[in-house]
Amino acid sequence: MTDVGSTLPKDSDWAIERILELFEKRGEERYGGEDVSQTQHALQSGWAAEKEGADAELISAALLHDLGHLLHNLPDDCADMGVDDKHEDLAYRWLTRYFGPRVTEPIRLHVEAKRYLCAVQPRYQSTLSEASLTSLRLQGGPFTPAEVEEFQANPHHTEAIRLRGWDDEAKIKDLVTPDLFHFKNYLIQAAGSASRS
Ligand code: FE
């Protein structure tokens, strides 16, 4: 694990600074087998959410959904080596100390959302990139009917599906987006609304 947050506590301001530092230190790493970096993927996801009129929590979820890739030291192509990095759980466990479930649940569920969509929308699987299909196999493949039902019972599943759509599109080489500083305000808002609720 990268050494962020291992010395616990602090508040959400501290966490947001650590998140920005993580992108600064490791954001240039390649996003799986795609033509974008981790930071480009995060910014494209967050921007797609913003353009669709999502609120601060869901924009933050989109921006941070793959933070888990920056919290471990496995190679970016570990899926090709047959390793599921469980990045959604890593991000969830780290972020859940500072953000509420409207941010962290869609993140935790974004891999399950892919498995769900493969089960309920037969054409969806054919839209996935090669890298995404490789990780799908490692993640357990399309959901069974029982898993579909369980997923639908989660109150955050609709947001997870929306996030999944932005995630799938956020692989466009050289797309110009707003920068991380633009999204920092959403993180501050999202953390604030979690502490008030
Ligand atoms: Fe992603």
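This is a predicted model: local features need pLDDT of at least 70, side-chain atom pairs count only at pLDDT 80 or more; totals for chains, interfaces and linings use all residues.

Reader: How many residues apart are Lys-184 and Glu-17?

Author: Lys-184 belongs to helix 10 (residues 180–196) and Glu-17 to helix 1 (residues 12–26). The pair thus ties together distant parts of the chain, and the separation is 167 residues.

Reader: And how many salt bridges turn up in a search of the whole structure?

Author: Side chains of opposite charge can pair when their charged atoms come close. The cut-off here is 4 Å between the nitrogen and the carboxyl oxygen. Searching the whole structure with it gives 11.

Reader: Are helix 5 and helix 7 roughly parallel or roughly perpendicular?

Author: Their axes come within 11 Å and cross at roughly 95°. On the helix 5 side, the contact uses Val-111, Lys-114, Arg-115 and Cys-118, while helix 7 brings Ser-132, Ser-135, Leu-136 and Gln-139. Angles from 65 to 115 degrees fall in one class, so the two helices are roughly perpendicular.

Reader: Which helix gives the most to the lining of the second largest pocket?

Author: That pocket holds about 160 Å³ of space. Helix 5 (101–120) and helix 8 (145–152) each supply at least two lining residues. With 4 residues, the top contributor is helix 5.

Reader: How many charged residues are in that lining?

Author: The lining includes Arg-108, Glu-112, Arg-115, Glu-147 and Glu-150. Alongside 3 nonpolar residues and 1 polar one, the charged count is 5.

Technical notes. Residues are numbered from 1 along each chain as its sequence is written. Side-chain values use heavy atoms; hydrogens and water are left out. On a 1 Å grid over the protein atoms alone, a cavity is a set of points where a 1.4 Å probe fits but cannot get out, and a pocket is an open set with protein on both sides within 12 Å along at least five of seven lines; lining residues have an atom within 4 Å of a point. Grid points are joined across faces, edges and corners, and a volume is the space filled by probe spheres set on the points. Ala, Val, Leu, Ile, Met, Phe, Trp, Tyr, Cys and Pro count as nonpolar, Asp, Glu, Lys and Arg as charged, and the others, Gly among them, as polar. Axes are lines fitted to C-alpha atoms, for helices over the stretch in contact, and angles run from 0 to 180 degrees between N-to-C directions. Angles under 35 degrees count as roughly parallel, over 145 as roughly antiparallel, 65 to 115 as roughly perpendicular and the rest as oblique. Contact means heavy atoms within 4.5 Å. A salt bridge is a side-chain nitrogen of Lys or Arg within 4 Å of a carboxyl oxygen of Asp or Glu.
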